[in-house]
Amino acid sequence: MFVMTHHERPSFALSDTTFHFTGADPATVLAEARKAANGKDVRLGGGATTIREFLDADLVDTLHVAVSPVELGGGSRLWESPDDLLDRFHVDVVPSASGVTHHLFWRR
């Protein structure tokens with residue numbers, strides 16, 4: 001696991017996962033993760049700011065965002081509208097019985 005941070009620290013292992021803390025840019029972090037994955041998929045997790053950095057650098061192939069109808073207060077927006085990504089991604093919007101809406105994006 002590669003953790004983008006402003007406060008780098010030594011790597012450590014917890015169970016079978018090693019956490020690497022890096023202050024590198026998204027492209028460098030992705031390259032390190034791909035190398036460590038040995039051909040397997042690499043997944044990105046994080047808050048809106050981190051995800052936006054990877055989207056802005058055009059480093060995302062697929063994206064699944066689950067949107068809940070609950071407003072929790074302030075925070076960072078991932079986008080003003082999911083339509084902001086339509087120039088680069090196909091999109092499916094899938095509502096669920098629970099009220100959560102799933103936005104599924106894949107590269108054009």
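Helix H1, residues 26-37, gives the most to the lining of the largest pocket, namely six residues. A pocket here is an open set of points on a 1 Å grid over the protein atoms alone, where a 1.4 Å probe fits, with protein on both sides within 12 Å along at least five of seven lines; lining residues have an atom within 4 Å of a point. Helices (H or I, at least four residues) and strands (E, at least two) are DSSP runs, numbered from the N terminus.

Please keep in mind that this is a predicted model, in which local features need pLDDT of at least 70 and side-chain atom pairs count only at pLDDT 80 or more, whereas totals for chains, interfaces and linings use all residues. Residues are numbered from 1 along each chain as its sequence is written, and side-chain values use heavy atoms, with hydrogens and water left out.

To return to the largest pocket, its volume is about 1000 Å³, where a volume is the space filled by probe spheres set on the grid points, joined across faces, edges and corners. Its lining comprises 27 residues, and Leu 30, Val 42, Arg 43, Leu 44 and Gly 45 lie nearest the centre. Besides H1, strand S1 (2-4), helix H2 (48-56) and strand S4 (62-67) each supply at least two lining residues. By class, the lining has 17 nonpolar, five polar and five charged residues. In this count Ala, Val, Leu, Ile, Met, Phe, Trp, Tyr, Cys and Pro are nonpolar, Asp, Glu, Lys and Arg are charged, and the others, Gly among them, are polar.

The second largest pocket holds about 580 Å³ of space. Of its 15 lining residues, Val 67, Ser 68, Val 70, Ser 76 and Arg 77 lie nearest its centre. Eight of the lining residues are nonpolar, five polar and two charged.

I turn now to the overall arrangement. The protein has two helices and six strands, in the order β-β-β-α-α-β-β-β from the N terminus. Of its 108 residues, 20% count as buried, that is, under 20% relative accessible area, with exposed meaning over 50% and partly exposed in between (1.4 Å probe, protein chains only).

Next, the backbone. Most residues other than glycine have a negative phi. Asn 38, however, has a positive phi of about 50°; this residue is found in the loop between H1 and H2 and is exposed, with a relative accessible area of 67%. Asp 58 also has a positive phi, near 60°. Asp 58 lies in the loop between H2 and S4 and is partly exposed at 37%.

The aromatic rings come next. How many aromatic pairs does a search of the whole structure find? There are four, a pair being rings of Phe, Tyr or Trp (its six-membered ring) with centres within 6.5 Å; planes under 30 degrees apart are stacked, over 60 edge-to-face, and the rest tilted. Phe 89 and Phe 105 have ring centres 6.2 Å apart and planes at 80°, so this pair is edge-to-face. Because Phe 89 lies in strand S5 (residues 89-95) and Phe 105 in strand S6 (residues 101-107), the pair ties together parts that are 16 residues apart in sequence. Both Phe 89 and Phe 105 are buried. Elsewhere, ring pairs link Phe 12, Phe 19 and Phe 21 into a cluster.

Finally, Thr 5 lies in the loop between S1 and strand S2 (12-14). Thr 5 is buried, at 18% relative accessible area.
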